[in-house]
Amino acid sequence: MDKSASGWVNGFVGVLIFSGSLPATRVAVADFDPTFLTSARAAIAGLLGLAVLVLFRQKRPERGDFLSLVIVALGVVVGFPLLTALALKHVTSAHSIIFVGLLPLATAIFGVLRGGERPRPAFWLFSCIGSALVAGFALMQGVTASPVGDGLMLAAIIVCGLGYAEGAALSRRLGGWQVICWALAISLPITLVLSFATLPQSFAAIGSGAWAGLAYVSLFSMLIGFVFWYRGLAQGGIAAVGQLQLLQPFFGLALAATLLHEQVSPLMVVVTLGVVACVFGAKKFAR
């Protein structure tokens, strides 16, 4: 398998794993405080990541890589999880998943700014069409949806796109799993303190669903998914493989409807299918 094809396979596995993040977060924030959930998931993944780094005797990143690791940490370790957890206090996971359709465009923009990539003009056309479908859906839902929830989701997409692009560029030098493990490790002093500071007064009222949600976002969303995702972006290109995120709303909506029994309106399905269709056109002109 050539490098480009391997990148798409790794990226696809990463997207599948990330698709369960918002439904799992939705379940978890029903019983856990969003700040605790954000810090706890990062702390758990950070301890595991640090153990892996020690086990495989990975050398420390160069001094010049530290700023990039901080950006990754702020974007995907703290920013996206916290903002989405706060948003899911106001909107359903089915509604929030639609916003994930904006991630490919955000990732591609930061891929140009931070990764030095130069997609062709037609690529931006398809990416913008997909994003316009998402934005149009959000506007049409403005009467019944939460402006606060939508604003938090948009902010989450921006910081996540930056974290994805920065991590992918850094993965070319350090390796995919090393990047996320180091980003989690350098965040540990903060995430551990926050975890204990926001610890629930009692765990008696925490349901099994919330514990399962915390386990999923800690192990899969925060660590394992990034191993595949960063490797895929580094191998196949940030802008190109990043378009696979257009598939995430489709998988996420299916999970929200199946596991959480949330209502998925016909409009949500139509918008999602339209966004997914854009991935094929964008892929062709990504390079």
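This is a predicted model: local features need pLDDT of at least 70, side-chain atom pairs count only at pLDDT 80 or more; totals for chains, interfaces and linings use all residues.

Let me start with a question: does Arg-114 count as buried, partly exposed or exposed, and at what relative accessibility? Arg-114 counts as partly exposed, at a relative accessibility of 41%.

Arg-114 leads us to the topic of charged pairs. Side chains of opposite charge can pair when their charged atoms come close. The structure holds three salt bridges, and I shall take them in turn.

In one of them, Arg-114 meets Glu-166, with 2.6 Å from N to O. Arg-114 belongs to helix α6, residues 103-115, and Glu-166 to helix α8, so this pair links distant parts of the chain, 52 residues apart.

Another salt bridge joins the side chains of Arg-172 and Glu-117, at 3.1 Å from N to O. Arg-172 lies in helix α8, whereas Glu-117 sits in the loop between α6 and α7, the latter covering 121-140; the pair therefore ties together parts that are 55 residues apart in sequence. Arg-172 is partly exposed, at 42% relative accessibility. Glu-117, by contrast, is buried, with a relative accessible area of 15%.

The remaining salt bridge is formed by Arg-173 and Asp-65, whose closest N and O atoms are 2.8 Å apart. Here Arg-173 is in helix α8, residues 147-174, and Asp-65 is in the loop between α3 (34-55) and α4 (66-87), so parts 108 residues apart in sequence are tied together. Arg-173 is exposed, with a relative accessible area of 56%, but Asp-65 is buried, at 7%.

I now turn to helix packing. Two packed helices are described by the angle between their axes and the distance between the axes. How do helix α2 and helix α10 pack, and how far apart are their axes? Helix α2, residues 21-28, packs with helix α10, residues 208-236, at an angle of about 145°, and the axes are 7 Å apart. The crossing of α2 past α10 is left-handed. On the α2 side, the contact is made by Ser-21, Ala-24, Thr-25, Val-27 and Ala-28. On the α10 side, the residues include Gly-209, Ala-210, Gly-213 and Leu-214, as well as Tyr-216. By class, the contact of α2 with α10 has seven nonpolar and five polar residues, and no charged ones.

Thank you for your attention.

Methods. Residues are numbered from 1 along each chain as its sequence is written. Side-chain values use heavy atoms; hydrogens and water are left out. A salt bridge is a side-chain nitrogen of Lys or Arg within 4 Å of a carboxyl oxygen of Asp or Glu. Helices (H or I, at least four residues) and strands (E, at least two) are DSSP runs, numbered from the N terminus. Buried means under 20% relative accessible area, exposed over 50%, partly exposed in between (1.4 Å probe, protein chains only). Axes are lines fitted to C-alpha atoms, for helices over the stretch in contact, and angles run from 0 to 180 degrees between N-to-C directions. A crossing is left-handed if the near helix is turned anticlockwise from the far one by less than a right angle, and right-handed if clockwise. Contact means heavy atoms within 4.5 Å. Ala, Val, Leu, Ile, Met, Phe, Trp, Tyr, Cys and Pro count as nonpolar, Asp, Glu, Lys and Arg as charged, and the others, Gly among them, as polar.
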